[in-house]
Amino acid sequence: MKFCKTYQEYMQGQKQPLPGVGLKKLKKILKHCREEVQLQRDINGVLNPSTCPHQCPVCDGTFFPSLLKEMSTVVGCFNERAQKLLELHLASGFRKCFMWKGRNHVTLIQEGKDLVTYAMINAIAIRKILKKYDKIHYSKQGQAFRSQAQSMHIEILQSPWLCELMAFHINLRETKVKIKSVSGFFEGCSLVFNDGKPSLSCAIFDSVKLDIDLTCSICLDTVFDPVSLTCGHIFCYKCACSAASVSIVDGLKSTDHKAKCPLCREAGVFEGFVFLEELNILLSRSCHEYWEERLQTERKERVKQAKEHWESQCRAFIGV
């Protein structure tokens, strides 16, 4: 079965209508462009590569703007639904009783799996249509567009909520409850250790496998109290504070808007940081000895920075 048909059947099979990628519409645009390219080849006897893709009269005004809008809608929908689901799982006390009405762990696991599948299959659809664009235009403009989407933070595989959902799925899977499969797409998430270095792995369908490295690129150790910046890179909370030149007491919310990611050097990525609570729970269970050791070290550092902070505040208050 061709992927376009598989994708359409998947999207139509959802209980609630969800935004997706208009593969049929985009393929029609590319088909029209292919006919124009073939006509040019027949007239001139040879294709002039300089006319495509930078001056493509068929695609430039419709293909990329349409795809950009659809990608933005898809990632917005995914982020919103994932955030609500994770808030539901992490709720406690009276709020939990109120929010969990009519739900249990089985339904939560299923909703999480559905969302991960939704993200991954849309990522496949976007990758395939951009690959088709490059094939027709003999270009790498599709790859360049994907890089542009990443810089705009609308690449769904870049979303911190995807990492959180994968950790959420593994955390709840420990309940060992029986759940139905998801149309043969979802092959599950797992926490993998290679040479002692952890990573989250998720496979779907037959063409995409997502691996998320859980090693902090600053301290070169397993992320502790992990946070994700809006560029998608994950760091320890303390390491992120150090990179942003703020103390743990002040926190990342006090970061200057010009501060750059220490890995990709993109500015303004600290403002929308996400604390990865589900991932934090998963790693604390899976790396217990390391977690306890790191917890003691972090606690000492936090006490030290808090003491220095209040001493400086007191000196400033008395004018010393």
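**Exercise 1.** In which sense do β4 and β5 pair, and over how many bridges?

*Solution.* A quick note before we start: this is a predicted model, where local features need pLDDT of at least 70, side-chain atom pairs count only at pLDDT 80 or more, and totals for chains, interfaces and linings use all residues. Numbering runs from 1 along each chain as its sequence is written, and side-chain values use heavy atoms, with hydrogens and water left out.

Step 1: find strand β4 at residues 226–228; its pairing with β5 is antiparallel, over three bridges. Strands here are DSSP runs (E, at least two residues; helices are H or I, at least four), numbered from the N terminus, and two strands pair if DSSP finds at least two bridges between them.

Step 2: zoom out to the open sheet, ordered β5-β4-β6. Its edge strands are β5 (234–236) and β6 (274–275), each pairing on one side only.

**Exercise 2.** Work out which parts of the chain the Lys-238 to Glu-298 salt bridge ties together.

*Solution.* Step 1: check the distance. The two side chains meet at 3.9 Å, N to O; a salt bridge needs a side-chain nitrogen of Lys or Arg within 4 Å of a carboxyl oxygen of Asp or Glu.

Step 1: Lys-238 sits in helix α8 (residues 237–243) and Glu-298 in helix α10, so the bridge ties together parts 60 residues apart in sequence.

Step 2: Salt bridges with shared partners join Lys-238, Arg-294 and Glu-298 into one network.

Step 3: check burial (buried is under 20% relative accessible area, exposed over 50%, partly exposed in between; 1.4 Å probe, protein chains only). Glu-298 is buried at 2%, while Lys-238 is partly exposed at 25%.
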